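Here is a set of exercises to work through with the model open beside you. Try each task before reading its solution.

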Amino acid sequence: MGNPVRVALASARKECCILVMSTSFDLAALRRLDAAHHLHPFTDHAALHKAGTHVIRSAKGCTLVDETGRELLDGLAGLWCTNIGYGREEILNAVADQMRQVAFYPSFFNTTTEPTIRLAARLAELVPRELGHVIFANSGSEANETALKLVRAYWKLRGKPEKRTVLSRNYAYHGVGLATTSLTGLPSCLEPFDLPLPGFLHVPGPLAYGTGKSPVDYGKWCIEETERTIAREGAHTIGAMFVEPVQGAGGVIVPPAGYLTQLRELCRRNEILFVADEVITGFGRLGAWFASELWSLAPDLMTVAKGITSGYVPLGATFVRDEISEALSKGGYLAHGFTYTGHPVACAAALANLEVLTREKLVERVRDDVGPRFQAALAKVASHPAVAEVRGFGLIGAFEMKKPLKGPLASAGPNALGPAIHLLAREEGVIVRGIRDLGAMSPPFVVTHSELDRMFALVTRALDRMWAGEVAKS
Ligand SMILES: Cc1ncc(COP(=O)(O)O)c(C=O)c1O
């Protein structure tokens with residue numbers, strides 16, 4: 001008899017080889033392999049494997065096909081990013097052409113590739129005028145990590161190395177590195193890792209829901225609190241403040257009137273660099289190329305990812321104000337950058353994506369057509385008995401839910417309704433994200449009127465079921 005562990009391993013390996021080689025889709029085998037070898041991001045693994053991993057098999061436009069062959073409307077654009085929809089030949093061709101030409105070469109040491117230069121130049125035409133220089137990364141986290149380092153380098157070059165403390169807000173989401181998790185203002189991201197690191201301070205984010213105050217009054221109080229924090233710490237110790245113009249993963253928090261202008265002014269007065277994290281809002285989700293334009297933020301730095309390639313290939317970017325790029329350029333060797341900074345394939349994908357957005361006027365479509373239709377449908381959801389509040393802007397929105405009076409959710413603790421509505425909506429045929437006790441939506445910009453209407457009809461059915469005390473079967 002052989003060693004049972006060896007036998008099990010050999011059989012798992014054999015199964016793996018068969019799967020890799022075979023073109024047939026064996027869901028049970030895939031789920032076993034996934035459970036055996038794959039740690040998923042942001043996942044409760046015990047719960048996941050009990051239910052069985054979902055495996056998306058294909059996608060076109062706004063429609064996903066799942067492991068059972070069932071079609072699902074993607075109400076979240078992947079993860080707030082597949083803005084031009086799935087299956088676009090323009091991107092596939094650009095990526096294939098670039099791979100044939102030169103699949104990879106770095107941008108280190110004064111070398112680079114053509115699409116990297118062309119993308120930097122194209123972006124300079126699109127972003128706020130003063131942000132004329134860009135450094136690339138591979139994700140939103142890396143773009144923010146880069147911004148943090150550039151802020152430190154800048155103040156050091158300016159002779160103010162003590163300006164090291166960084167401000168961000170409760171409910172902020174800025175990424176998952178040690179430093180970018182420290183910027184993130186969500187206890188679920190911080191506590192398991194004993195973060196934030198020293199030097200990262202959180203001030204209140206403008207989520208008025210549940211405070212008993214109006215959004216404008218609560219926003220004013222947030223500004224006063226931020227001012228008090230700056231005074232307590234000393235502005236001479238604070239280098240930057242990171243701000244998502246609309247907070248996304250923290251629960252779609254739309255800034256109340258006047259809040260962002262006051263926050264921007266507060267940073268300017270105290271010589272604190274203002275970093276706009278436009279990883280979700282950049283490239284059209286709010287109906288403008290950048291939220292910084294909408295609220296005249298004139299940021300000192302701006303970070304993007306997601307929508308820059310519509311999620312087809314990983315890419316992030318950090319833009320810096322001319323004064324900062326000048327200081328950095330004169331400051332000697334800039335010892336920062338990832339192997340794949342300015343990856344030619346990712347840059348080719350981004351150029352093709354920007355071309356689609358421009359040619360098909362998709363940003364204008366969000367502003368004038370599908371954005372208003374989406375917000376009108378969201379406003380109707382507000383009158384559902386299970387809904388306490390809706391929030392949204394452009395093509396992003398959320399509905400806060402109330403607990404049903406009967407069924408297992410009636411006695412569930414806080415933060416149970418988001419995951420519950422995600423599962424119920426999925427059973428109905430639409431993907432929404434569950435966060436705490438809310439459902440969040442951000443469909444692709446190419447969503448049609450009938451798809452939008454269907455998305456909201458399915459969400460309403462899911463809300464009806466939750467309100468009746470039902471939970472999902474899966
Ligand atoms: C506003 C914001 N910043 C940063 C990030 C981190 O981006 P990534 O997941 O690409 O590292 C995200 C991701 O959702 C985000 O929403």
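**Exercise 1. Which residue in β15 is the bridge partner of Gly-434?**

Before starting, note that this is a predicted model, in which local features need pLDDT of at least 70 and side-chain atom pairs count only at pLDDT 80 or more, while totals for chains, interfaces and linings use all residues. Residues are numbered from 1 along each chain as its sequence is written, and side-chain values use heavy atoms, with hydrogens and water left out.

Step 1. Find the strands. Helices (H or I, at least four residues) and strands (E, at least two) are DSSP runs numbered from the N terminus.

Step 2. Look up the partner: Gly-434 is bridged to Gly-439 in β15.

Step 3. Three bridges link β14 to β15 (residues 438–441), in the antiparallel sense; two strands count as paired if DSSP finds at least two bridges between them.

**Exercise 2. Work out the strand order of the sheet that holds β14, and find what packs on it.**

Step 1. The order is β11-β12-β15-β14, an open sheet of four strands with antiparallel pairing.

Step 2. β11 (387–393) and β14 (433–435) each have a single partner strand, so one side of each is left without a neighbour in the sheet.

Step 3. From one strand to the next, the twist averages 20°. For such angles, axes are lines fitted to C-alpha atoms (for helices, over the stretch in contact), and values run from 0 to 180 degrees between N-to-C directions.

Step 4. Helix α15 (residues 362–381) packs on this sheet, where it touches β11, β12 (396–401) and β15, and its direction makes about 170° with that of β11. Contact here means heavy atoms within 4.5 Å.

Step 5. Helix α17 (residues 449–467) also lies across β11, β12 and β15, at about 15° to β12.

**Exercise 3. How many residues of α14 are buried, and what covers them?**

Step 1. Twelve of the 16 residues of α14 are buried, so this helix is largely enclosed by the rest of the structure. They include Cys-347, Asn-353 and Leu-357.

Step 2. The cover includes α5 (89–102), α6 (114–126) and α15.

Step 3. Just after α14, Lys-361 takes a positive phi of about 50°.

Step 4. Compare strand β8 (residues 273–277): five of its five residues are buried, so β8 is also largely enclosed. Leu-273, Val-275 and Asp-277 lie on one side, with Phe-274 and Ala-276 on the other.

Step 5. β8 runs parallel to β7 (residues 238–243), joined by four bridges, and Met-241 has Phe-274 as its bridge partner.

**Exercise 4. Describe the contact between the two domains.**

Step 1. Domain 1 covers 57–84 + 362–467 and domain 2 covers 89–359; the bounds come from an automatic or database domain assignment.

Step 2. Their centres, taken over C-alpha atoms, are 26 Å apart. The contact takes 32 residues from domain 1 and 30 residues from domain 2.

Step 3. The area buried between them is about 2500 Å², with 65% from carbon and sulfur atoms. Buried area is the accessible area (1.4 Å probe) that two parts lose on being put together, summed over both.

Step 4. Ile-84, Val-363 and Phe-393 supply 28% of the area that domain 1 buries against domain 2, more than any other three residues.

Step 5. Follow Phe-393 to Trp-295: the residues that Trp-295 touches include Phe-393, Pro-245 and Leu-286, not counting residues up to four places away in sequence.

Methods
Buried means under 20% relative accessible area, exposed over 50%, partly exposed in between (1.4 Å probe, protein chains only).
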